[in-house]
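Me: I have a structure open and would like to learn how to read it. Could you walk me through a few features?

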Amino acid sequence: MNRLKSMAAALNAARKEIGPVRISGRVTHVSADSVRVSGLSRFACLGDLVTLEGARGARRGEVIVLDEDDVVIKPFERTGDIVIGCRAHRTGGLTIHPHESWRGRVINALGRPVDDRGPLVFGPDACLLDKTPPRAMDRNRVEQGVRTGVRVIDLFTPLCVGQRIGIFAGSGVGKSTLLGMLAGFGAFDTVVVCLVGERGREVREFIDETLGPALDRSVVVTATGDESAMMRKLAPKTAMSVAEYFRALGQSVLLIVDSATRFAHATREVAMAAGEPPVSRGYTPSVFSELAQLLERAGPGMKGEGAITAIFSVLVDGDDHNDPVADAMRGQLDGHLVLDRKIAEAGRYPPVDILRSTSRLSHRAWTPEQRELILRLRGLISEYEETKDLRMLGGYQAGGNAALDKACHLVPRLYEAMRQTAASSDRGDPFADLARSLSDGG
């Protein structure tokens with residue numbers, strides 16, 4: 001027994017003297033978007049981090065392909081200083097350590113600060129960026145409505161705590177302004193904003209002008225358009241992990257991802273570098289599975305936890321709402337808001353197309369009386385829009401159709417009541433305000 005104890009003591013002393021053992025390999029091939037490393041095939045898993053020792057310092061990347069003899073690494077940064085023979089070390093899975101003090105901070109996709117406000121405080125628990133969502137039967141139900149301060153949303157497409165909704169819009173229609181209005185209202189304990197593929201100027205403007213004072217209770221995760229596809233792919237996952245951390249604390253969290261389309265573009269780029277073939281307008285199959293996994297992580301937590309109310313913006317190229325990403329997102333979300341370019345050009349903001357927008361959980365936010373009112377108003381809007389061309393050509397005279405007469409009287413005033421600027425959040429009762437607006441002037 002004494003001999004075994006002495007051997008164990010000697011072994012422990014040797015371990016301390018030697019230190020931790022690193023598993024290493026060598027770079028054998030470098031391309032514009034990936035690096036091939038030999039010597040790690042037996043030890044690495046898909047998604048593992050690998051550190052590449054370049055001439056100008058260490059570069060990190062993720063394992064995207066495993067072969068019998070080598071692995072393919074997709075770097076997070078440019079690989080201009082990586083040469084054949086560079087040493088590569090496996091460093092395990094990618095994790096972050098969120099902390100409550102992260103509110104008010106701007107971080108990158110790797111959980112590192114980019115706001116020049118000093119180092120972050122790291123929490124004691126590591127959070128995986130590819131965390132498994134809660135089981136369906138373990139999650140709380142979505143039942144409680146929540147105000148957003150945006151009249152057209154609170155009236156026609158109301159949200160619930162834990163709902164996932166998409167904002168579908170082309171470029172330059174007012175999407176970012178609407179997202180800023182939603183983030184700044186104050187109905188949530190914590191706001192997590194993910195900006196993917198934006199221009200650097202737009203990131204600063206969104207933080208300083210659009211988000212403004214709401215930054216104090218927000219965490220901003222950013223990966224600009226000039227960063228690598230890996231960083232743009234990781235950013236929404238990092239934001240989701242941060243939101244999950246605050247949800248586990250019992251908080252009501254608003255997660256805004258702008259945009260899911262650029263996340264899909266980055267995922268496609270990584271997948272094609274791994275040799276995956278495109279199947280739908282250039283998108284690979286893994287794009288849609290990655291989108292589904294990301295969306296499913298949002299929503300209500302388990303018993304004792306809070307909820308993540310998620311808003312994903314979706315860029316519709318050329319205003320084509322049948323784009324594969326837009327089509328997949330519509331089928332997985334709990335509702336969608338459509339921003340129309342013609343409404344924006346008419347100067348009516350937010351430019352929400354009421355007839356094409358829907359919330360699948362609106363019945364849990366409305367009372368029966370409110371639901372009946374909104375259905376009637378939708379009917380009037382439909383009547384008004386369908387006869388627009390006829391009325392412009394002078395083919396309709398007042399008095400010929402009572403329902404159309406009523407629509408022509410009320411709908412323009414309804415549209416005017418829905419106008420709202422980014423600086424004016426509606427904190428009153430939207431239905432009472434609507435009743436006053438429609439009754440003014442008889």
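Me: How many residues does helix H12 have, and how far does H12 reach from its first C-alpha to its last?

Reply: Some background comes before the answer. This is a predicted model, where local features need pLDDT of at least 70, side-chain atom pairs count only at pLDDT 80 or more, and totals for chains, interfaces and linings use all residues. Residues are numbered from 1 along each chain as its sequence is written, and side-chain values use heavy atoms, leaving out hydrogens and water. Helices are DSSP runs (H or I, at least four residues), numbered from the N terminus. H12, residues 402-418, has 17 residues and reaches 24 Å, close to the 24 Å expected at 1.5 Å a residue. The expected span is 1.5 Å times one less than the number of residues.

Me: Where does H12 bend?

Reply: A bend is the angle between axes fitted to the seven residues ending at a residue and the seven starting there. H12 bends by about 30 degrees at Leu410, and Pro412 follows within four residues.

Me: Which residues of H12 are buried?

Reply: Buried means under 20% relative accessible area, exposed over 50%, and partly exposed in between (1.4 Å probe, protein chains only). Among the buried residues of H12 are Leu404, Ala407, Leu410 and Val411. The buried residues of H12 pack against helices H2, H10, H11 and H13, with contact meaning heavy atoms within 4.5 Å.

Me: Why does Cys408 count as partly exposed?

Reply: Cys408 counts as partly exposed because its relative accessibility is 28%.

Me: How many disulfides are there?

Reply: A disulfide is a pair of cysteine sulfur atoms within 2.5 Å. A search of the whole structure finds zero.

Methods
Helices (H or I, at least four residues) and strands (E, at least two) are DSSP runs, numbered from the N terminus.
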